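Visitor: I would like to learn how to read a model like this one. Please take me through it one feature at a time.

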There are 2 protein chains.
Amino acid sequence: MLSQDSIAAVNHFVRQVPCEAERPTLQGLFSRQPIEKFEAGTAVFWEGDEADHVFEVVEGVLRIYKILGDGRRVITGFMYPGDLIGVSLKDRYLYTAEAVTRIQVRRFARQRFQEEINRSPELRPQLFARLCDEMAAAQDQMVLLARKSAEERVCSFLLLISRRLDRDGQALRVVEVPMTRLDMADYLGLTIETVSRIMTRLTSRGVISPSGRHAIIVRKSDKLTTLAGEVEADHNPSAAYTHQAVWPN
Amino acid sequence: MLSQDSIAAVNHFVRQVPCEAERPTLQGLFSRQPIEKFEAGTAVFWEGDEADHVFEVVEGVLRIYKILGDGRRVITGFMYPGDLIGVSLKDRYLYTAEAVTRIQVRRFARQRFQEEINRSPELRPQLFARLCDEMAAAQDQMVLLARKSAEERVCSFLLLISRRLDRDGQALRVVEVPMTRLDMADYLGLTIETVSRIMTRLTSRGVISPSGRHAIIVRKSDKLTTLAGEVEADHNPSAAYTHQAVWPN
DNA sequence: CGTTAACTTGAATTTTGTCAATGCCTGTGG
DNA sequence: CCACAGGCATTGACAAAATTCAAGTTAACG
(Lines give C-alpha, C1' and ligand atoms only; values in the text may rest on other atoms or scores of the structure.)
Protein backbone atom coordinates (compact mmCIF):
# COMPACT_ATOMS: atom_id res chain seq x y z
CA MET A 1 0.00 0.00 0.00
CA LEU A 2 2.64 2.47 1.05
CA SER A 3 4.96 1.70 -1.82
CA GLN A 4 2.11 1.64 -4.31
CA ASP A 5 1.43 5.32 -3.86
CA SER A 6 4.98 6.42 -4.46
CA ILE A 7 5.26 4.26 -7.56
CA ALA A 8 2.00 5.61 -8.85
CA ALA A 9 3.13 9.16 -8.39
CA VAL A 10 6.26 8.58 -10.48
CA ASN A 11 4.63 6.70 -13.35
CA HIS A 12 4.84 8.53 -16.71
CA PHE A 13 2.60 6.46 -18.97
CA VAL A 14 5.56 5.15 -20.90
CA ARG A 15 4.79 3.38 -24.13
CA GLN A 16 8.41 2.36 -24.74
CA VAL A 17 9.90 -0.17 -22.37
CA PRO A 18 10.70 1.56 -19.10
CA CYS A 19 14.36 0.78 -18.53
CA GLU A 20 14.39 2.80 -15.35
CA ALA A 21 13.74 1.51 -11.90
CA GLU A 22 10.05 2.35 -11.61
CA ARG A 23 7.55 -0.12 -13.05
CA PRO A 24 3.99 0.57 -14.06
CA THR A 25 1.26 -0.51 -11.69
CA LEU A 26 -2.50 -0.69 -11.94
CA GLN A 27 -2.72 2.13 -9.40
CA GLY A 28 -0.38 4.12 -11.62
CA LEU A 29 -2.83 3.87 -14.51
CA PHE A 30 -5.47 5.61 -12.46
CA SER A 31 -3.28 8.10 -10.67
CA ARG A 32 -3.68 10.81 -13.31
CA GLN A 33 -7.45 10.59 -13.35
CA PRO A 34 -9.38 13.13 -11.32
CA ILE A 35 -10.90 12.02 -8.07
CA GLU A 36 -14.69 11.76 -7.99
CA LYS A 37 -16.68 11.77 -4.78
CA PHE A 38 -19.95 10.01 -4.02
CA GLU A 39 -22.11 10.45 -0.98
CA ALA A 40 -23.01 7.44 1.13
CA GLY A 41 -25.96 5.61 -0.39
CA THR A 42 -25.43 6.80 -3.96
CA ALA A 43 -24.64 4.46 -6.83
CA VAL A 44 -21.51 4.65 -8.98
CA PHE A 45 -23.25 2.51 -11.58
CA TRP A 46 -26.23 0.17 -11.89
CA GLU A 47 -26.47 -3.43 -12.91
CA GLY A 48 -27.34 -3.43 -16.59
CA ASP A 49 -25.76 -0.04 -17.34
CA GLU A 50 -23.46 0.23 -20.33
CA ALA A 51 -20.08 -0.83 -18.91
CA ASP A 52 -18.04 2.16 -20.08
CA HIS A 53 -15.61 2.58 -17.23
CA VAL A 54 -13.41 0.80 -14.77
CA PHE A 55 -13.11 2.35 -11.31
CA GLU A 56 -10.46 2.36 -8.64
CA VAL A 57 -11.54 2.88 -5.06
CA VAL A 58 -9.41 5.60 -3.47
CA GLU A 59 -11.24 6.10 -0.19
CA GLY A 60 -14.25 4.62 1.59
CA VAL A 61 -16.22 1.43 1.12
CA LEU A 62 -18.70 0.31 -1.54
CA ARG A 63 -21.15 -2.54 -1.78
CA ILE A 64 -21.52 -4.61 -4.93
CA TYR A 65 -24.92 -6.20 -5.29
CA LYS A 66 -27.47 -7.93 -7.45
CA ILE A 67 -31.21 -7.87 -7.05
CA LEU A 68 -33.61 -10.71 -7.80
CA GLY A 69 -36.83 -10.02 -9.68
CA ASP A 70 -38.88 -9.75 -6.50
CA GLY A 71 -36.49 -7.46 -4.70
CA ARG A 72 -34.31 -9.86 -2.77
CA ARG A 73 -30.84 -8.36 -2.60
CA VAL A 74 -27.51 -10.17 -2.52
CA ILE A 75 -24.33 -8.27 -1.80
CA THR A 76 -21.56 -10.18 -3.53
CA GLY A 77 -18.77 -8.10 -2.08
CA PHE A 78 -17.53 -4.97 -0.35
CA MET A 79 -14.84 -2.92 -2.06
CA TYR A 80 -12.08 -1.09 -0.22
CA PRO A 81 -9.38 1.39 -1.24
CA GLY A 82 -7.10 -0.11 -3.86
CA ASP A 83 -9.81 -2.37 -5.29
CA LEU A 84 -10.89 -2.21 -8.92
CA ILE A 85 -14.55 -2.25 -9.90
CA GLY A 86 -16.14 -3.06 -13.24
CA VAL A 87 -13.35 -5.10 -14.79
CA SER A 88 -15.04 -7.47 -17.22
CA LEU A 89 -15.47 -8.13 -20.90
CA LYS A 90 -19.25 -7.87 -20.75
CA ASP A 91 -20.70 -4.75 -22.30
CA ARG A 92 -23.00 -4.21 -19.34
CA TYR A 93 -22.24 -4.15 -15.66
CA LEU A 94 -23.23 -7.35 -13.92
CA TYR A 95 -23.98 -5.66 -10.61
CA THR A 96 -24.72 -2.34 -8.94
CA ALA A 97 -21.90 -0.53 -7.14
CA GLU A 98 -23.08 1.74 -4.35
CA ALA A 99 -21.28 3.82 -1.76
CA VAL A 100 -21.57 2.50 1.80
CA THR A 101 -19.67 5.48 3.19
CA ARG A 102 -18.74 8.70 1.48
CA ILE A 103 -16.23 7.53 -1.13
CA GLN A 104 -13.60 8.71 -3.57
CA VAL A 105 -12.95 6.88 -6.83
CA ARG A 106 -11.00 7.36 -10.03
CA ARG A 107 -12.51 6.44 -13.36
CA PHE A 108 -10.84 5.06 -16.47
CA ALA A 109 -12.50 4.50 -19.85
CA ARG A 110 -12.84 0.78 -20.31
CA GLN A 111 -11.51 0.65 -23.82
CA ARG A 112 -8.41 2.62 -22.90
CA PHE A 113 -8.02 0.42 -19.84
CA GLN A 114 -8.07 -2.66 -22.06
CA GLU A 115 -5.55 -1.10 -24.40
CA GLU A 116 -3.19 -0.22 -21.60
CA ILE A 117 -3.46 -3.69 -20.14
CA ASN A 118 -2.87 -5.28 -23.52
CA ARG A 119 0.10 -3.05 -24.20
CA SER A 120 1.84 -3.60 -20.92
CA PRO A 121 3.42 -6.93 -20.05
CA GLU A 122 3.91 -5.54 -16.54
CA LEU A 123 0.30 -4.70 -15.93
CA ARG A 124 -1.22 -7.85 -17.34
CA PRO A 125 -0.09 -10.24 -14.63
CA GLN A 126 -1.14 -7.74 -11.99
CA LEU A 127 -4.66 -7.67 -13.35
CA PHE A 128 -4.65 -11.42 -13.75
CA ALA A 129 -3.56 -11.82 -10.15
CA ARG A 130 -6.40 -9.61 -9.00
CA LEU A 131 -8.94 -11.61 -10.93
CA CYS A 132 -7.58 -14.77 -9.36
CA ASP A 133 -7.83 -13.29 -5.89
CA GLU A 134 -11.37 -12.19 -6.61
CA MET A 135 -12.20 -15.70 -7.79
CA ALA A 136 -10.69 -17.21 -4.65
CA ALA A 137 -12.74 -14.83 -2.52
CA ALA A 138 -15.89 -15.75 -4.43
CA GLN A 139 -15.23 -19.42 -3.74
CA ASP A 140 -14.74 -18.79 -0.05
CA GLN A 141 -18.02 -16.93 -0.03
CA MET A 142 -19.74 -19.87 -1.72
CA VAL A 143 -18.41 -22.12 1.03
CA LEU A 144 -19.74 -19.72 3.64
CA LEU A 145 -23.18 -19.44 2.05
CA ALA A 146 -23.55 -23.12 1.23
CA ARG A 147 -22.45 -24.73 4.46
CA LYS A 148 -21.78 -22.39 7.33
CA SER A 149 -24.18 -21.69 10.19
CA ALA A 150 -25.36 -18.17 10.92
CA GLU A 151 -22.81 -17.83 13.71
CA GLU A 152 -19.98 -19.06 11.53
CA ARG A 153 -20.99 -16.63 8.83
CA VAL A 154 -20.97 -13.63 11.12
CA CYS A 155 -17.63 -14.61 12.66
CA SER A 156 -16.11 -15.23 9.23
CA PHE A 157 -17.31 -11.82 8.15
CA LEU A 158 -15.85 -10.04 11.16
CA LEU A 159 -12.52 -11.76 10.58
CA LEU A 160 -12.60 -10.89 6.90
CA ILE A 161 -13.13 -7.19 7.40
CA SER A 162 -10.72 -7.12 10.32
CA ARG A 163 -8.04 -8.37 7.94
CA ARG A 164 -9.14 -6.10 5.16
CA LEU A 165 -7.68 -2.74 6.03
CA ASP A 166 -4.52 -3.44 7.96
CA ARG A 167 -1.11 -3.41 6.42
CA ASP A 168 0.26 -6.73 7.65
CA GLY A 169 -2.66 -9.06 7.06
CA GLN A 170 -2.76 -9.06 10.85
CA ALA A 171 -6.28 -8.95 12.22
CA LEU A 172 -6.94 -5.70 14.01
CA ARG A 173 -8.25 -5.48 17.52
CA VAL A 174 -10.58 -2.59 16.76
CA VAL A 175 -12.58 -3.35 13.65
CA GLU A 176 -14.48 -0.69 11.74
CA VAL A 177 -17.80 -1.97 10.43
CA PRO A 178 -19.03 0.76 8.09
CA MET A 179 -21.93 -1.26 6.74
CA THR A 180 -25.37 -1.61 8.32
CA ARG A 181 -26.88 -4.83 9.67
CA LEU A 182 -28.94 -5.06 6.51
CA ASP A 183 -25.77 -4.94 4.41
CA MET A 184 -24.24 -7.66 6.54
CA ALA A 185 -27.39 -9.75 6.28
CA ASP A 186 -27.58 -9.39 2.51
CA TYR A 187 -23.92 -10.33 2.24
CA LEU A 188 -24.20 -13.32 4.56
CA GLY A 189 -27.52 -14.67 3.29
CA LEU A 190 -29.24 -14.01 6.63
CA THR A 191 -31.80 -11.57 8.05
CA ILE A 192 -31.05 -8.44 10.06
CA GLU A 193 -32.54 -10.05 13.13
CA THR A 194 -30.32 -13.11 12.93
CA VAL A 195 -27.21 -10.98 12.47
CA SER A 196 -28.26 -8.85 15.39
CA ARG A 197 -28.93 -11.82 17.67
CA ILE A 198 -25.56 -13.32 16.88
CA MET A 199 -23.70 -10.08 17.47
CA THR A 200 -25.46 -9.88 20.84
CA ARG A 201 -24.53 -13.47 21.64
CA LEU A 202 -20.88 -12.87 20.72
CA THR A 203 -20.91 -9.81 22.94
CA SER A 204 -22.42 -11.60 25.91
CA ARG A 205 -19.86 -14.38 25.56
CA GLY A 206 -17.10 -11.78 25.63
CA VAL A 207 -15.79 -12.57 22.17
CA ILE A 208 -16.35 -9.02 20.97
CA SER A 209 -17.50 -5.72 22.44
CA PRO A 210 -19.44 -3.18 20.47
CA SER A 211 -17.87 0.23 20.12
CA GLY A 212 -20.70 2.31 18.81
CA ARG A 213 -22.73 0.95 15.95
CA HIS A 214 -19.99 0.88 13.37
CA ALA A 215 -17.05 -0.67 15.16
CA ILE A 216 -16.30 -3.58 17.43
CA ILE A 217 -13.39 -4.60 19.58
CA VAL A 218 -12.25 -8.19 19.16
CA ARG A 219 -11.60 -9.49 22.66
CA LYS A 220 -11.05 -13.18 21.93
CA SER A 221 -9.44 -13.36 18.53
CA ASP A 222 -8.74 -17.10 18.65
CA LYS A 223 -12.27 -17.85 19.77
CA LEU A 224 -13.58 -15.79 16.87
CA THR A 225 -11.43 -17.79 14.47
CA THR A 226 -12.70 -21.06 15.85
CA LEU A 227 -16.31 -19.93 15.68
CA ALA A 228 -15.74 -18.89 12.07
CA GLY A 229 -15.35 -22.58 11.25
CA GLU A 230 -12.08 -22.02 9.50
CA VAL A 231 -10.13 -24.64 11.33
CA GLU A 232 -7.63 -25.63 8.73
CA ALA A 233 -8.47 -29.04 7.29
CA ASP A 234 -5.38 -31.16 7.00
CA HIS A 235 -4.47 -31.53 3.37
CA ASN A 236 -4.06 -35.25 3.52
CA PRO A 237 -5.70 -36.51 0.34
CA SER A 238 -6.99 -39.74 1.77
CA ALA A 239 -8.56 -37.97 4.70
CA ALA A 240 -10.30 -35.60 2.34
CA TYR A 241 -11.29 -38.32 -0.02
CA THR A 242 -12.90 -40.46 2.62
CA HIS A 243 -14.57 -37.63 4.46
CA GLN A 244 -17.91 -39.34 4.29
CA ALA A 245 -16.48 -42.35 6.01
CA VAL A 246 -14.44 -40.38 8.53
CA TRP A 247 -17.37 -38.21 9.57
CA PRO A 248 -20.18 -40.68 9.13
CA ASN A 249 -23.13 -38.36 9.70
CA MET B 1 -17.19 -8.66 -26.40
CA LEU B 2 -17.15 -7.93 -30.10
CA SER B 3 -14.79 -5.02 -29.85
CA GLN B 4 -12.44 -6.91 -27.53
CA ASP B 5 -11.54 -9.38 -30.20
CA SER B 6 -10.79 -6.73 -32.76
CA ILE B 7 -8.66 -4.87 -30.26
CA ALA B 8 -6.76 -8.02 -29.56
CA ALA B 9 -6.34 -8.72 -33.26
CA VAL B 10 -4.87 -5.29 -33.84
CA ASN B 11 -2.53 -5.45 -30.88
CA HIS B 12 1.10 -5.25 -32.01
CA PHE B 13 2.98 -7.10 -29.34
CA VAL B 14 3.17 -10.06 -31.68
CA ARG B 15 6.51 -11.71 -31.92
CA GLN B 16 5.87 -13.70 -35.07
CA VAL B 17 2.68 -12.67 -36.83
CA PRO B 18 0.58 -15.69 -37.77
CA CYS B 19 -0.65 -14.44 -41.15
CA GLU B 20 -2.37 -17.68 -42.06
CA ALA B 21 -6.05 -18.34 -41.74
CA GLU B 22 -6.02 -20.45 -38.59
CA ARG B 23 -5.87 -18.54 -35.34
CA PRO B 24 -4.62 -19.95 -32.12
CA THR B 25 -7.26 -20.98 -29.60
CA LEU B 26 -7.06 -22.19 -26.06
CA GLN B 27 -8.27 -25.58 -27.26
CA GLY B 28 -5.51 -25.54 -29.86
CA LEU B 29 -2.91 -25.17 -27.12
CA PHE B 30 -4.00 -28.42 -25.57
CA SER B 31 -4.70 -30.33 -28.74
CA ARG B 32 -1.17 -31.75 -29.02
CA GLN B 33 -1.14 -33.03 -25.46
CA PRO B 34 -1.93 -36.69 -24.89
CA ILE B 35 -5.34 -37.57 -23.54
CA GLU B 36 -5.44 -38.86 -19.98
CA LYS B 37 -8.35 -40.84 -18.61
CA PHE B 38 -9.70 -40.92 -15.09
CA GLU B 39 -12.30 -43.28 -13.69
CA ALA B 40 -15.42 -41.89 -12.05
CA GLY B 41 -14.69 -40.96 -8.45
CA THR B 42 -10.96 -40.42 -8.87
CA ALA B 43 -9.26 -37.08 -8.34
CA VAL B 44 -7.27 -35.21 -10.96
CA PHE B 45 -5.71 -33.11 -8.21
CA TRP B 46 -6.32 -32.23 -4.58
CA GLU B 47 -6.82 -28.91 -2.89
CA GLY B 48 -3.41 -27.89 -1.56
CA ASP B 49 -1.41 -29.83 -4.14
CA GLU B 50 1.39 -28.06 -5.93
CA ALA B 51 -0.37 -26.36 -8.84
CA ASP B 52 1.85 -27.62 -11.64
CA HIS B 53 -0.63 -28.08 -14.45
CA VAL B 54 -3.64 -26.63 -16.17
CA PHE B 55 -6.21 -29.10 -17.50
CA GLU B 56 -8.69 -29.05 -20.34
CA VAL B 57 -11.74 -31.25 -20.04
CA VAL B 58 -12.15 -33.28 -23.21
CA GLU B 59 -14.91 -35.66 -22.18
CA GLY B 60 -17.09 -36.25 -19.12
CA VAL B 61 -17.92 -34.15 -16.08
CA LEU B 62 -15.87 -33.21 -13.01
CA ARG B 63 -16.76 -31.68 -9.69
CA ILE B 64 -14.68 -28.92 -8.13
CA TYR B 65 -14.92 -28.79 -4.36
CA LYS B 66 -13.58 -27.56 -1.07
CA ILE B 67 -13.88 -29.24 2.29
CA LEU B 68 -14.29 -27.55 5.65
CA GLY B 69 -12.25 -28.72 8.61
CA ASP B 70 -15.03 -30.93 9.93
CA GLY B 71 -15.80 -32.59 6.62
CA ARG B 72 -18.56 -30.42 5.22
CA ARG B 73 -18.17 -30.35 1.47
CA VAL B 74 -19.01 -27.53 -0.92
CA ILE B 75 -18.97 -28.14 -4.64
CA THR B 76 -18.18 -24.79 -6.23
CA GLY B 77 -18.72 -25.96 -9.77
CA PHE B 78 -19.08 -28.74 -12.31
CA MET B 79 -16.75 -28.79 -15.30
CA TYR B 80 -17.76 -29.91 -18.77
CA PRO B 81 -15.89 -30.55 -22.02
CA GLY B 82 -14.11 -27.43 -23.19
CA ASP B 83 -13.66 -26.07 -19.65
CA LEU B 84 -10.25 -25.28 -18.21
CA ILE B 85 -9.31 -26.32 -14.70
CA GLY B 86 -6.52 -25.05 -12.46
CA VAL B 87 -5.98 -21.64 -14.05
CA SER B 88 -4.64 -19.42 -11.29
CA LEU B 89 -1.51 -17.67 -10.13
CA LYS B 90 -1.48 -19.41 -6.77
CA ASP B 91 1.20 -22.04 -6.35
CA ARG B 92 -1.28 -24.50 -4.86
CA TYR B 93 -4.66 -25.61 -6.10
CA LEU B 94 -7.50 -23.95 -4.26
CA TYR B 95 -9.83 -26.91 -4.67
CA THR B 96 -10.04 -30.60 -5.45
CA ALA B 97 -11.01 -31.68 -8.97
CA GLU B 98 -12.65 -35.10 -9.11
CA ALA B 99 -14.24 -37.09 -11.91
CA VAL B 100 -18.02 -37.42 -11.65
CA THR B 101 -18.14 -39.70 -14.68
CA ARG B 102 -15.29 -41.40 -16.49
CA ILE B 103 -13.41 -38.45 -17.98
CA GLN B 104 -10.75 -37.52 -20.51
CA VAL B 105 -8.50 -34.50 -19.95
CA ARG B 106 -5.41 -32.96 -21.46
CA ARG B 107 -2.69 -31.53 -19.29
CA PHE B 108 -0.44 -28.55 -19.85
CA ALA B 109 2.47 -27.48 -17.63
CA ARG B 110 1.39 -24.32 -15.87
CA GLN B 111 4.55 -22.38 -16.56
CA ARG B 112 4.44 -23.17 -20.26
CA PHE B 113 0.76 -22.30 -20.24
CA GLN B 114 1.55 -18.90 -18.76
CA GLU B 115 4.27 -18.34 -21.32
CA GLU B 116 2.00 -19.23 -24.22
CA ILE B 117 -0.70 -16.95 -22.91
CA ASN B 118 1.75 -14.13 -22.45
CA ARG B 119 3.21 -14.64 -25.88
CA SER B 120 -0.06 -14.69 -27.74
CA PRO B 121 -2.24 -11.61 -28.11
CA GLU B 122 -4.90 -13.93 -29.54
CA LEU B 123 -5.05 -16.24 -26.58
CA ARG B 124 -4.97 -13.64 -23.85
CA PRO B 125 -8.43 -12.18 -24.40
CA GLN B 126 -9.82 -15.69 -24.72
CA LEU B 127 -8.48 -16.60 -21.32
CA PHE B 128 -9.60 -13.29 -19.87
CA ALA B 129 -13.09 -13.85 -21.23
CA ARG B 130 -13.23 -17.26 -19.60
CA LEU B 131 -12.19 -15.87 -16.25
CA CYS B 132 -14.90 -13.23 -16.54
CA ASP B 133 -17.50 -15.86 -17.35
CA GLU B 134 -16.34 -17.92 -14.40
CA MET B 135 -16.63 -14.86 -12.18
CA ALA B 136 -20.14 -14.15 -13.45
CA ALA B 137 -21.12 -17.77 -12.76
CA ALA B 138 -19.68 -17.52 -9.26
CA GLN B 139 -21.77 -14.44 -8.60
CA ASP B 140 -24.92 -16.13 -9.81
CA GLN B 141 -24.13 -19.00 -7.50
CA MET B 142 -23.73 -16.60 -4.57
CA VAL B 143 -27.17 -15.20 -5.36
CA LEU B 144 -28.59 -18.71 -5.42
CA LEU B 145 -26.97 -19.71 -2.14
CA ALA B 146 -27.67 -16.48 -0.30
CA ARG B 147 -31.29 -15.89 -1.18
CA LYS B 148 -33.02 -18.66 -3.09
CA SER B 149 -35.32 -21.27 -1.57
CA ALA B 150 -34.58 -24.96 -1.91
CA GLU B 151 -37.03 -25.28 -4.79
CA GLU B 152 -35.59 -22.29 -6.62
CA ARG B 153 -32.11 -23.75 -6.18
CA VAL B 154 -32.99 -27.12 -7.64
CA CYS B 155 -34.84 -25.55 -10.57
CA SER B 156 -31.97 -23.14 -11.24
CA PHE B 157 -29.60 -26.07 -11.22
CA LEU B 158 -31.66 -28.11 -13.66
CA LEU B 159 -31.87 -25.14 -16.01
CA LEU B 160 -28.15 -24.54 -15.70
CA ILE B 161 -27.13 -28.03 -16.66
CA SER B 162 -29.79 -28.22 -19.34
CA ARG B 163 -28.15 -25.21 -20.99
CA ARG B 164 -24.70 -26.54 -20.39
CA LEU B 165 -24.16 -29.11 -23.07
CA ASP B 166 -26.13 -27.90 -26.02
CA ARG B 167 -24.63 -25.83 -28.76
CA ASP B 168 -27.25 -23.13 -29.07
CA GLY B 169 -27.72 -22.11 -25.45
CA GLN B 170 -31.14 -23.64 -25.98
CA ALA B 171 -32.34 -25.64 -23.00
CA LEU B 172 -32.64 -29.31 -23.86
CA ARG B 173 -35.76 -31.32 -23.23
CA VAL B 174 -33.89 -34.37 -22.05
CA VAL B 175 -31.32 -33.38 -19.48
CA GLU B 176 -28.48 -35.66 -18.44
CA VAL B 177 -27.75 -35.40 -14.72
CA PRO B 178 -24.52 -37.30 -14.27
CA MET B 179 -24.03 -36.25 -10.66
CA THR B 180 -25.57 -37.88 -7.58
CA ARG B 181 -28.09 -36.27 -5.23
CA LEU B 182 -25.24 -35.75 -2.78
CA ASP B 183 -23.31 -33.82 -5.44
CA MET B 184 -26.37 -31.72 -6.15
CA ALA B 185 -26.92 -31.11 -2.45
CA ASP B 186 -23.31 -30.08 -1.86
CA TYR B 187 -23.50 -27.75 -4.84
CA LEU B 188 -26.80 -26.20 -3.81
CA GLY B 189 -26.12 -25.91 -0.11
CA LEU B 190 -28.88 -28.39 0.77
CA THR B 191 -29.18 -31.97 2.05
CA ILE B 192 -29.79 -35.03 -0.09
CA GLU B 193 -33.24 -35.41 1.41
CA THR B 194 -34.31 -31.91 0.52
CA VAL B 195 -33.07 -32.30 -3.05
CA SER B 196 -34.88 -35.61 -3.31
CA ARG B 197 -38.13 -34.24 -1.95
CA ILE B 198 -38.08 -31.34 -4.37
CA MET B 199 -37.35 -33.57 -7.35
CA THR B 200 -40.31 -35.67 -6.31
CA ARG B 201 -42.51 -32.60 -5.97
CA LEU B 202 -41.48 -31.31 -9.41
CA THR B 203 -42.27 -34.71 -10.84
CA SER B 204 -45.68 -34.94 -9.21
CA ARG B 205 -46.51 -31.46 -10.48
CA GLY B 206 -45.60 -32.56 -13.98
CA VAL B 207 -42.75 -30.08 -14.40
CA ILE B 208 -40.21 -32.84 -15.02
CA SER B 209 -40.23 -36.62 -15.39
CA PRO B 210 -37.38 -38.79 -14.24
CA SER B 211 -35.73 -40.91 -16.90
CA GLY B 212 -33.66 -43.29 -14.89
CA ARG B 213 -31.58 -41.87 -12.08
CA HIS B 214 -29.27 -39.76 -14.18
CA ALA B 215 -31.56 -37.97 -16.59
CA ILE B 216 -34.82 -36.06 -16.54
CA ILE B 217 -37.23 -34.84 -19.15
CA VAL B 218 -38.30 -31.24 -18.83
CA ARG B 219 -42.04 -31.18 -19.44
CA LYS B 220 -42.84 -27.59 -18.49
CA SER B 221 -39.83 -25.53 -19.41
CA ASP B 222 -41.44 -22.17 -18.70
CA LYS B 223 -42.71 -23.35 -15.34
CA LEU B 224 -39.22 -24.52 -14.46
CA THR B 225 -37.86 -21.09 -15.36
CA THR B 226 -40.43 -19.36 -13.19
CA LEU B 227 -39.75 -21.68 -10.27
CA ALA B 228 -36.04 -20.97 -10.63
CA GLY B 229 -36.78 -17.42 -9.51
CA GLU B 230 -34.95 -15.93 -12.43
CA VAL B 231 -37.70 -13.63 -13.54
CA GLU B 232 -35.69 -10.86 -15.04
CA ALA B 233 -35.78 -7.79 -12.84
CA ASP B 234 -36.31 -4.70 -14.93
CA HIS B 235 -33.12 -2.73 -15.12
CA ASN B 236 -34.76 0.53 -14.23
CA PRO B 237 -32.39 2.10 -11.73
CA SER B 238 -35.04 3.79 -9.64
CA ALA B 239 -36.97 0.54 -9.34
CA ALA B 240 -33.85 -1.23 -8.19
CA TYR B 241 -32.91 1.56 -5.86
CA THR B 242 -36.25 1.66 -4.14
CA HIS B 243 -36.71 -2.08 -3.97
CA GLN B 244 -37.43 -1.97 -0.27
CA ALA B 245 -40.26 0.46 -0.84
CA VAL B 246 -41.62 -1.30 -3.92
CA TRP B 247 -41.82 -4.67 -2.24
CA PRO B 248 -42.71 -3.60 1.26
CA ASN B 249 -42.46 -6.90 3.10
C1' DC C 1 -30.32 -62.15 -10.46
C1' DG C 2 -28.65 -60.58 -6.25
C1' DT C 3 -26.14 -57.03 -3.66
C1' DT C 4 -25.51 -52.66 -2.34
C1' DA C 5 -25.18 -47.97 -2.74
C1' DA C 6 -28.19 -44.46 -3.96
C1' DC C 7 -32.52 -42.60 -3.45
C1' DT C 8 -37.12 -41.77 -1.37
C1' DT C 9 -40.30 -40.96 2.24
C1' DG C 10 -42.04 -39.81 6.89
C1' DA C 11 -41.80 -37.88 11.57
C1' DA C 12 -39.50 -35.14 14.85
C1' DT C 13 -36.27 -31.42 15.65
C1' DT C 14 -33.51 -27.43 14.84
C1' DT C 15 -32.41 -23.34 12.76
C1' DT C 16 -33.54 -19.37 10.80
C1' DG C 17 -37.12 -16.25 9.26
C1' DT C 18 -41.24 -13.32 10.21
C1' DC C 19 -43.81 -10.12 12.69
C1' DA C 20 -44.21 -6.77 16.10
C1' DA C 21 -42.81 -3.88 19.76
C1' DT C 22 -39.22 -1.42 22.01
C1' DG C 23 -34.71 0.76 22.56
C1' DC C 24 -30.88 3.42 21.32
C1' DC C 25 -27.29 5.75 18.22
C1' DT C 26 -26.27 9.46 15.18
C1' DG C 27 -26.61 13.27 12.80
C1' DT C 28 -29.47 17.52 12.43
C1' DG C 29 -30.97 21.75 13.83
C1' DG C 30 -31.70 24.76 17.47
C1' DC D 1 -23.19 21.97 22.78
C1' DC D 2 -27.39 19.75 23.58
C1' DA D 3 -31.95 17.95 22.47
C1' DC D 4 -34.61 15.44 19.55
C1' DA D 5 -36.25 12.85 15.62
C1' DG D 6 -35.95 9.16 12.80
C1' DG D 7 -33.58 5.46 11.16
C1' DC D 8 -31.21 1.38 12.83
C1' DA D 9 -30.80 -2.09 15.84
C1' DT D 10 -32.37 -5.24 19.44
C1' DT D 11 -35.43 -8.42 21.50
C1' DG D 12 -39.26 -11.71 22.02
C1' DA D 13 -42.89 -14.83 20.48
C1' DC D 14 -44.27 -17.51 16.88
C1' DA D 15 -44.05 -19.71 12.17
C1' DA D 16 -41.90 -21.76 8.35
C1' DA D 17 -38.32 -24.01 6.03
C1' DA D 18 -34.91 -27.15 5.94
C1' DT D 19 -32.22 -30.69 8.53
C1' DT D 20 -31.79 -34.83 11.07
C1' DC D 21 -32.86 -39.37 12.04
C1' DA D 22 -34.85 -43.56 10.71
C1' DA D 23 -36.93 -46.78 7.79
C1' DG D 24 -38.05 -48.47 3.44
C1' DT D 25 -37.39 -48.71 -1.96
C1' DT D 26 -35.22 -48.89 -6.19
C1' DA D 27 -32.02 -48.92 -9.75
C1' DA D 28 -27.41 -49.95 -11.35
C1' DC D 29 -23.58 -53.02 -11.53
C1' DG D 30 -21.14 -57.03 -11.42
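Guide: Start with a single side chain. At 5% relative accessibility, A:Gln139 counts as buried, since the cut-off for that word is under 20%. Keep in mind that this is a predicted model.

Visitor: Where does A:Gln139 lie, and which residues does A:Gln139 touch?

Guide: To place a residue, give its element and then its neighbours. A:Gln139 belongs to helix H4 of chain A. Leaving out residues up to four places away in sequence, A:Gln139 touches B:Lys66, B:Thr76, B:Leu94 and B:Tyr95.

Visitor: Is A:Gln141 buried or exposed, and what does A:Gln141 touch?

Guide: A:Gln141 is also placed in helix H4 of chain A. With a relative accessible area of 6%, A:Gln141 is buried. Its contacts, again without residues up to four places away in sequence, are A:Tyr187 and B:Met142. For a distance along and across the fold, take A:Gln141 and A:Ser156: they are 15 residues apart in sequence, and their C-alpha atoms are 9.6 Å apart in space.

Visitor: How many salt bridges and polar contacts cross the interface of chain A and chain B?

Guide: The rule finds 8 salt bridges across this interface. One that can be looked up is A:Lys66 with B:Asp140, where the closest N and O atoms are 3.3 Å apart. Between chain A and chain B, 18 residue pairs are in polar contact, with both residues at pLDDT 80 or more.

Visitor: What rotation superposes chain A on chain B?

Guide: To find the symmetry, superpose one copy on the other and read the angle and the shift. Here the rotation is 180 degrees, the shift along its axis is 0.0 Å, and the RMSD is 0.1 Å. The two copies are therefore related as by a two-fold rotation axis. Of the interface residues of chain A, 94% are also interface residues in chain B, so the copies meet through the same surface.

Visitor: How many helices and strands are there in chain A?

Guide: Chain A has 10 helices and 11 strands. Of its 249 residues, 52% are buried. Among the contacts in chain A with a separation of 6 or more, 68% are between residues 24 or more positions apart.

Visitor: How many salt bridges does the structure hold over all chains?

Guide: The total over all chains is 34. A:Glu50 pairs with A:Arg92, with the closest N and O atoms 3.6 Å apart. A:Glu50 is in the loop between strands S2 (43-45) and S3 (53-59), and A:Arg92 is in the loop between strands S6 (84-85) and S7 (96-99), so the pair ties together parts of chain A that are 42 residues apart in sequence. A:Glu50 is partly exposed, at 43%, and A:Arg92 is partly exposed, at 43%.

Visitor: Are B:Asp183 and B:Arg73 buried or exposed?

Guide: These two form a salt bridge with the closest N and O atoms 2.9 Å apart. The pair links distant parts of chain B, 110 residues apart: B:Asp183 is in helix H6 and B:Arg73 is in strand S5. Both B:Asp183 and B:Arg73 are buried.

Notes. Residues are numbered from 1 along each chain as its sequence is written. Chains are lettered from A and ligands numbered from 1 in the order in which they are written. This is a predicted model: local features need pLDDT of at least 70, side-chain atom pairs count only at pLDDT 80 or more; totals for chains, interfaces and linings use all residues. Side-chain values use heavy atoms; hydrogens and water are left out. A salt bridge is a side-chain nitrogen of Lys or Arg within 4 Å of a carboxyl oxygen of Asp or Glu. A polar contact is a pair of N or O atoms within 3.5 Å; within protein, one must be able to donate a hydrogen and the other to accept it, and residues adjacent in sequence count only if both atoms are side-chain atoms. Copies are superposed by least squares on the C-alpha atoms of residues with pLDDT of at least 70 in both. Contact means heavy atoms within 4.5 Å. Helices (H or I, at least four residues) and strands (E, at least two) are DSSP runs, numbered from the N terminus. Buried means under 20% relative accessible area, exposed over 50%, partly exposed in between (1.4 Å probe, protein chains only).
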